[in-house]
Amino acid sequence: MISTHQIRCTGCAASVSGDRIPANFRCADCGSLFEIVYPWSVGGLAGAGAVSAPNPSALRWLWQERRTSSLAIDQSGVWRFRDLLPIVQNTDHITTLREGNTPLYDLPRAAKALGIHWILAKHQGMNPTGSFKDTGMTAALSVAVERGFQWVACASTGNTSAAMAAYAARAGLRSIVFIPEGKIAWGKLSQSMDYGALTVQLRTDFDGCVKMVNELVMTHPIYLLNSVNPYRLEGQKTPAFELLEQMDWQVPEHVIVPGGNLANSSALAKGFAEMKQLGMIARMPRISIIQAAGANPLYRSMQENGGTELTPVKADTRATAIRIGDPASWRKAVAALQSTGGWCEEVSEQEIALAKAQIGAEGIGCEPASAVTLAGLKKLVADGRVGTEERAVLILTGLNLKDSDYTIKYHRGELLTVEEEAEASVSERAMHSQLRKPPVVLDANLDSILRTLDEQMAVPV
Ligand code: F0G
């Protein structure tokens with residue numbers, strides 16, 4: 001694979017070469033983040049000259065063919081699309097856990113409850129470490145291997161650290177993760193230990209962890225794997241390709257993503273924009289971003305000044321994955337909203353809990369941060385921004401097992417405060433009581449089991 005990319009600053013448009021990029025992935029002149037561009041990219045590549053774009057029908061055929069291959073990089077749902085992410089010179093440097101190739105489900109009960117024809121869910125929690133981070137990690141970690149790094153690092157609310165630790169272990173690299181003490185789900189914490197990372201719990205929040213890791217990488221030869229690393233986004237754009245493939249190249253009207261550090265929304269927007277640029281689709285879906293009301297700096301920024309400025313907030317939500325007050329990639333997220341015509345919404349803790357239970361009851365499940373998508377879709381449907389016949393795809397970013405503590409507390413009725421419960425409407429309250437399935441403790445005799453079963457049979461489904 002010939003690496004033909006350039007790295008361009010999203011602020012001042014300056015280009016840098018791979019080995020000259022600052023270790024914190026911030027432009028030395030203007031402080032903005034970078035993006036990867038190719039000769040055929042939207043906006044072109046300065047000095048590239050005439051370069052023929054990849055042929056759409058040949059690509060479609062090739063991507064399907066690779067699914068039946070026994071080669072690891074063909075089986076990967078990221079590297080299967082490697083023609084559109086030529087970021088490493090030597091494919092031997094690619095570290096893959098066969099990420100991607102995640103299912104696209106429908107959510108018929110949630111759609112019915114919402115009064116719309118259909119809702120689809122692209123389940124990125126069905127990746128090797130249980131979150132969408134794997135698609136980005138395989139890309140950026142492979143670059144770290146090619147550049148000869150021995151150590152990689154990230155700050156994380158839990159999923160990035162799990163993914164980084166796993167891919168670093170596969171590649172034989174060492175990893176150090178910074179996580180906010182006591183603020184991440186146990187499933188995620190256990191993963192970084194299991195995969196052998198040096199796990200550092202800092203007495204601060206995620207935003208404080210980011211500051212520390214940035215200082216560290218500026219002074220030590222350690223490769224930063226947070227989503228400010230533009231190579232991460234090259235992997236994270238591929239679910240857009242896969243989704244279109246799964247929909248027979250029809251474009252959904254809406255794609256709904258959770259917003260935390262605010263990189264994934266722009267990665268998906270880049271993927272769709274590249275598909276359009278190459279003539280594989282005729283239009284873009286609207287990409288909407290949903291934040292938890294307790295961690296809503298982008299929502300506030302869009303409301304207050306149309307996304308021109310962002311004031312950090314002190315973040316607090318039980319959806320710990322997106323408990324972020326000072327998101328690094330907010331300008332990229334604003335660009336994704338504006339270029340696709342999407343919206344930013346906020347949802348309450350009660351709304352998140354209900355949406356998560358609904359997704360669970362579909363036999364699919366997801367972690368709390370992913371459930372904001374369904375909660376947000378309800379708001380978009382309520383005021384007609386999403387029409388009853390339009391297709392909305394929720395990006396479910398993480399697996400339900402990541403945070404089983406949250407799920408158990410919800411079903412036992414121990415999650416929400418009295419005040420939060422009181423915010424629910426009459427119909428929401430009815431849904432909560434229908435969805436809550438606390439475990440039943442019985443004596444081990446058939447009579448008591450049958451009595452309980454009889455009671456349950458009397459409850460309408
Ligand atoms: N959903 C989940 C499950 C996440 O783990 C994250 C981010 C997001 C959504 C938000 O994505 O940051 O691109 O807007 N988790 C990061 C982490 C911050 O450290 O695992 P984003």
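## Basis

Numbering starts from 1 along each chain as its sequence is written. In this predicted model, local features need pLDDT of at least 70 and side-chain atom pairs count only at pLDDT 80 or more, while totals for chains, interfaces and linings use all residues.

## Ligand shell

There are 22 residues around the ligand. S156, G260, N261, T397 and G398 come nearest. Two or more shell residues come from each of α5 (159-171) and α14 (368-382). Helices (H or I, at least four residues) and strands (E, at least two) are DSSP runs, numbered from the N terminus.

The shell has 14 polar, 6 nonpolar and 2 charged residues. Ala, Val, Leu, Ile, Met, Phe, Trp, Tyr, Cys and Pro count as nonpolar, Asp, Glu, Lys and Arg as charged, and the others, Gly among them, as polar.

## Strand β11

Strand β11 spans residues 286-292. It is largely enclosed by the rest of the structure, because 7 of its 7 residues are buried (20 or more other C-beta atoms within 10 Å of the residue's own, C-beta atoms being placed from the backbone).

In a regular strand, side chains alternate between the two faces of the sheet. Both faces of β11 are covered. R286, S288, I290 and A292 lie on one side; I287, I289 and Q291 lie on the other.

## Strand partners

β11 pairs in the parallel sense with β10 (residues 254-258) over 5 bridges. Pairing requires at least two DSSP bridges between the strands. P258 stands opposite I290. From β10 the chain crosses through helix α10 (residues 264-277) to β11. This β-α-β crossover is right-handed (clockwise from the first strand over the helix to the second, with the strands pointing away from the viewer).

β11 also pairs with β12 (residues 344-347), in the parallel sense over 4 bridges. Here I290 stands opposite E345.

Note on methods
A residue is near a molecule or strand if its C-beta atom, placed from the backbone, lies within 6 Å of it. A residue is buried if 20 or more other C-beta atoms lie within 10 Å of its own, exposed if 12 or fewer, and partly exposed in between; C-beta atoms are placed from the backbone.
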